[in-house]
Amino acid sequence: MSGDQEKAIGCVGLGLLGIAMCRRLLEQGWRVSGFDLDERRCGEFERAGGRVVSSARDVATESLVLLSLPTSDVVETVLNDVGDDLSR
């Protein structure tokens, strides 16, 4: 990434691992947007400096997307839902 280009990433899944990775990215100067079904986790993420979005589809608008989800079935469900947005 060029020095002038903002580093941005989106994260779906803000559980223990997801929030830890997002915090590290925020500390390194990344702009991080995130989504989780659990509103408490979204609140924790927002307090850490992240930008909460309203759906996994909104996360998919970022040029880089991180998935931190509990099972492969959940990953498959999210990818089926946002796959078209990710292929841009």
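These are my notebook entries on a predicted model of a single chain.

**Entry 1: ground rules**

I number residues from 1 along the chain as its sequence is written, and my side-chain values use heavy atoms, with hydrogens and water left out. Because the model is predicted, I take local features only at pLDDT of at least 70 and side-chain atom pairs only at pLDDT 80 or more, while totals for chains, interfaces and linings use all residues.

**Entry 2: the fold**

How many helices and strands does the chain have? I found 4 helices and 4 strands. Both are DSSP runs numbered from the N terminus: helices are H or I with at least four residues, strands are E with at least two. Starting at the N terminus, I read the order as β-α-β-α-β-α-β-α.

Next I looked up burial. Of the 88 residues, 35% are buried (under 20% relative accessible area; exposed is over 50%, partly exposed in between, with a 1.4 Å probe and protein chains only). The chain exposes about 5600 Å², and carbon and sulfur atoms supply 50% of that (Shrake-Rupley method, 1.4 Å probe; for residues, only the protein chains shown count as cover). I also checked contacts (heavy atoms within 4.5 Å). Among those between residues at least 6 apart in sequence, 47% join residues at least 24 apart.

**Entry 3: the cores**

Which residues make up the largest nonpolar core? I listed 11: Ile 9, Cys 11, Leu 14, Ile 19, Cys 22, Leu 25, Leu 26, Trp 30, Val 32, Cys 42 and Phe 45. A nonpolar core here is a set of buried Ala, Val, Leu, Ile, Met, Phe, Trp, Tyr and Cys residues joined through side-chain atoms within 4.5 Å. At least two residues of this core come from each of β1 (8-12), α1 (16-27) and α2 (39-47). Helix α1 gives the largest share, 4 residues. Apart from this core I noted another, of 8 residues, including Val 12, Phe 35, Val 53 and Val 82. In soluble globular proteins, nonpolar side chains tend to be buried together.

I then followed Ile 9. Leaving out residues up to four places away in sequence, Ile 9 touches Leu 25, Trp 30, Arg 31, Val 32, Ser 33, Glu 62, Leu 64, Val 65 and Leu 66.

**Entry 4: the largest pocket**

I put its volume at about 270 Å³. A pocket is an open set of points on a 1 Å grid over the protein atoms alone, where a 1.4 Å probe fits, with protein on both sides within 12 Å along at least five of seven lines; lining residues have an atom within 4 Å of a point. Points are joined across faces, edges and corners, and the volume is the space filled by probe spheres set on them.

The lining has 14 residues, and Val 12, Gly 13, Leu 37, Leu 69 and Val 74 lie nearest the centre. Helix α4 (residues 72-86) gives the most, with 3 residues. By class I count 8 nonpolar, 4 polar and 2 charged (nonpolar: Ala, Val, Leu, Ile, Met, Phe, Trp, Tyr, Cys and Pro; charged: Asp, Glu, Lys and Arg; polar: the others, Gly among them).

Is Leu 17 buried or exposed? Leu 17, in helix α1, counts as exposed because its relative accessibility is 55%.

Arg 51 lies in strand β3 (residues 51-52) and, at 40% relative accessibility, is partly exposed. Beyond four places in sequence, Arg 51 touches Arg 31, Val 32, Ser 33, Gly 34, Phe 45 and Glu 62.

Ser 55 sits in the loop between β3 and α3 (56-59); at 22%, Ser 55 counts as partly exposed.
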